[in-house]
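Please look over the fold, the confidence and a few local features of the model shown here, and read the report beside it.

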Amino acid sequence: ATKDAIRKKGFASAQIIDDWEQIVGSFLAKNTTPLKITYPMNKNVDGTLHIEVISAQAPIIQTLEVEIIDKISTYFGFKAVQRIKLVHNSSF
C-alpha cells in the first residue's frame with residue numbers, strides 16, 4: 001500500500017512529506033505541511049508544491065517561496081519544484 005501511494009504521488013512528493021523539517025527547517029515545518037507536488041504532463045521536474053499553511057503565517061511563507069524552492073532543489077539535487085501554491089488553513 002505504501003509503495004502504491006508513493007508511486008501515485010511521486011518519489012519527490014513522498015520524500016518532501018517524510019523529510020519536510022529537515023528540508024526547510026523547524027520554523028517552516030511548524031507552520032506548514034506539504035500536501036503534494038503536481039507536475040506538468042510527462043515531466044518529473046518543475047512541479048507545483050501545494051503547502052498547507054496557517055493563514056496568519058501565509059504572508060511570511062509567501063515571501064520565503066524562493067528560499068523554500070532553493071532548499072528543495074538543494075535537497076534533491078534537481079529542480080523538483082518550480083512554484084509553490086499555498087492552501088490556507090485557519091485551524092491548523
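Read along the sequence, the chain follows the pattern α-α-α-α-β-β-α-α-β, with six helices and three strands in total; helices (H or I, at least four residues) and strands (E, at least two) are DSSP runs, numbered from the N terminus. This is a predicted model, in which local features need pLDDT of at least 70 and side-chain atom pairs count only at pLDDT 80 or more, while totals for chains, interfaces and linings use all residues. Residues are numbered from 1 along each chain as its sequence is written, and side-chain values use heavy atoms, with hydrogens and water left out.

The chain averages a pLDDT (the predictor's confidence in each residue, from 0 to 100) of 85, and 86% of the residues score at least 70. Confidence is lowest in helix α1 (residues 2-9), at a mean of 48, and highest in helix α3 (residues 20-24), at 96. Over residues 5-9 the pLDDT stays under 50, and for these residues the model has five contacts beyond four places in sequence, a contact meaning heavy atoms within 4.5 Å.

Of the 92 residues of the chain, 35% count as buried, where buried means under 20% relative accessible area, exposed over 50%, and partly exposed in between (1.4 Å probe, protein chains only). The chain exposes about 5,700 Å², of which carbon and sulfur atoms supply 52%; accessible areas come from the Shrake-Rupley method with a 1.4 Å probe, and for residues only the protein chains shown count as cover. Among contacts between residues at least 6 apart in sequence, 59% join residues at least 24 apart.

The loop between β1 (32-38) and β2 (47-54) contains Asn 42, which has a positive phi of about 65° although it is not a glycine, and Asn 42 counts as exposed at 75% relative accessibility. Asp 46 lies in the loop between β1 and β2 as well; its phi is near 55°, a positive value in a residue other than glycine, and Asp 46 is partly exposed, with a relative accessible area of 22%.

The structure holds two aromatic pairs, tabulated below; rings of Phe, Tyr and Trp (its six-membered ring) pair if their centres lie within 6.5 Å, and planes under 30 degrees apart count as stacked, over 60 as edge-to-face and the rest as tilted.

| Pair | Centre to centre | Between planes | Geometry |
|---|---|---|---|
| Tyr 75 and Phe 76 | 5.1 Å | 90° | edge-to-face |
| Phe 76 and Phe 78 | 5.9 Å | 50° | tilted |

Tyr 75, Phe 76 and Phe 78 form one aromatic cluster. Phe 76 is buried at 15% relative accessible area, whereas Tyr 75 is partly exposed at 30% and Phe 78 is partly exposed at 33%.
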